[in-house]
Amino acid sequence: MAPALVWLTALMVVPCALVLALAFFRRGIYGGIDYTFTLENFGLVFDPLYAGIFLKSARIAGTATLFAVVIGYAAAYAIAAAPRRWQPIFLFFAVLPFWSNYLIRTYAWIVLLNREGLITQLLRWFGYTGEPPSMLYTEGAVIAGLVYNYLPFVILACYAPLSRLNPELAEASRDLGASAATTFRRVILPLTVPGIAAGAVFVFVLSIGNFVTPALLGGGRFQMIGNLVYDQFLTANDWPFGAALAMALIAITLLVLMAQAMAANRASGRVTEANGGADG
Amino acid sequence: MAERSPATRRTLWLVLTLVFAFLYIPIAVLVALSFNEGGLPTAWSGFSLKWYVSLAHNSAILSSALNTLIVALVSTAIATLLGTLLAIGVEMRRQYGKGLEALIFAPMIIPDIVLAIALLSFFSMINLTMGLHTIILAHVVFNLAFVCSVVRARLKSFDWSIVEASADLGASALTTFRRVTLPVIAPAVIAGALLAFTLSVDEFIIAFFTAGAGRASTTLPMQIYAMIRFGITPEINALATIVMAVSITALTLSQRLNRGMIGQ
């Protein structure tokens, strides 16, 4: 046990503490670090320019989360409704792409979306003759890439509670005169909230701090928080400000996780009761 | 589930078809292009393996693949050992301290870019020259957490009284581990190791920040990133196909060994 804990402490806790400390120092004139205490870096995070990038990142991550959850939930619902023996197979193939290389999955979207890419070819084939649409290097492309990359996880997270749902609950609701829509809204949806929350948090947290997808699908000048942090460390050489940005990113991550833990706690009692206390 | 109207059933099949098309068309296009003589997505000009052949002659890619293999094997070996011991330690004592849980959970949720810059700051602060060894040190951090969580899942249903029984019957701690504990957790340990290997092979950002200057410690994902970012050659489709095949094989094996662990 001890060696693992030492490893985690030395190579995660200490470096992260170091970054936290860095955030309170000043940037040296030649790009080094000037060891005088300052809160300027955190002030700069709230500067309209940078706060704008945070908001944009949150908006992109939020949109990607929304799409991923809607599509992922529909897929999980369809898998859970399929014949029992097919469910593990469907689930396996839904998750499989998730384990292939992230860069390659993102690159696949460059092939699809670029001006001479597959989608433009398809449009031409159907008789479209105008200018090729510019799809790559847009916010939409970044969102598509994020949804594509994280969808398998949402399917997995939503399938777990859906497959455990006691079918008698839905029947009871229908027998009592509720429409299919009401049954879904009042019975099925509330019982599967923990899965939705877990999937949503995962997509949001990984999207808002993402570096690769905006860099590849958003184009060279497209910036989300991850790219901003990258620039401070590798090009602008302002490590203290980069550190403050990283801490802000961690703070957002923690807030989102805490919100999820609270939502899950509130929902878990409900789920246990409805499924006959057998399963949480 | 309960009987459904034909319309509902058709809708559900439609959803499944669309989602699987969304998931697999981009991958299928890449794989198909890797066998396209012309290499461009604009036209199919005949089946060819020439991009695989040219890949085999690209020394930059081969040396980065070798680097990736070294990093993945060494970091997986260390992480499997440490992660398994950590899992046993935590589960045997049943002390689920909040701080301890957070420490083990953190590497899985910390944004990659944050861990990457933290390690870069740390290594440059202690004046450690960066290279493959620093990538390995970094990869063990998250690999260890994943191995630990896979093994812990298996240990949750482990009956610790058989360990006591073995000790009562006079077996040493080591014999007990080798003959009693290990056979029970072996599938989870191997599944965890395969998972760690896959993660390490695919990891880009942390490696990028902890590789140091120079091309000597470029890993395969770093090479792929550079190829995508600065001039796409058709070779990348062939490379993508091979990398996907390797990861998917490793995952399929891992899944078979630890059936249902990830699916439930």
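Chain B meets chain A through 59 of its residues, which are in contact with 65 residues of chain A; two residues are in contact if their C-beta atoms, placed from the backbone, lie within 7 Å. The model is predicted: local features need pLDDT of at least 70 and side-chain atom pairs count only at pLDDT 80 or more, while totals for chains, interfaces and linings use all residues. Residues are numbered from 1 along each chain as its sequence is written, and chains are lettered from A and ligands numbered from 1 in the order in which they are written.

Several helices of chain B, including H1 (6-34), H3 (59-93), H6 (132-155) and H8 (173-202), each supply at least two residues of the side that touches chain A. Helices (H or I, at least four residues) and strands (E, at least two) are DSSP runs, numbered from the N terminus. H1(B) gives the most to this side, with 11 residues. By class, the side has 49 nonpolar, nine polar and one charged residues; Ala, Val, Leu, Ile, Met, Phe, Trp, Tyr, Cys and Pro count as nonpolar, Asp, Glu, Lys and Arg as charged, and the others, Gly among them, as polar.

Chain B itself has 11 helices and zero strands. Its C-alpha atoms fill a box of roughly 70 × 70 × 30 Å along the principal axes. Of its 264 residues, 44% are buried, that is, they have 20 or more other C-beta atoms, placed from the backbone, within 10 Å of their own.

Two helix pairs show how chain B is packed together. The axes of H6(B) and H8(B) come within 8 Å and cross at roughly 150 degrees; axes are lines fitted to C-alpha atoms, for helices over the stretch in contact, and angles run from 0 to 180 degrees between N-to-C directions. This makes H6(B) roughly antiparallel to H8(B), the term for angles over 145 degrees. The residues of this contact divide into 15 nonpolar, four polar and one charged. The axes of H3(B) and H10(B) come within 7 Å and cross at roughly 145 degrees. B:Ala60 and B:Ile61 of H3(B) and B:Leu220 and B:Met222 of H10(B) are among the residues making that contact.

The largest nonpolar core has 161 residues, and B:Ile117 is one of those with the most contacts inside it. Such a core is a set of buried Ala, Val, Leu, Ile, Met, Phe, Trp, Tyr and Cys residues joined through C-beta atoms within 7 Å. Not counting residues up to four places away in sequence, B:Ile117 touches A:Val19, A:Val229, A:Phe233, A:Gly242, A:Ala246 and B:Phe209.

Technical notes
A residue is buried if 20 or more other C-beta atoms lie within 10 Å of its own, exposed if 12 or fewer, and partly exposed in between; C-beta atoms are placed from the backbone. Angles under 35 degrees count as roughly parallel, over 145 as roughly antiparallel, 65 to 115 as roughly perpendicular and the rest as oblique.
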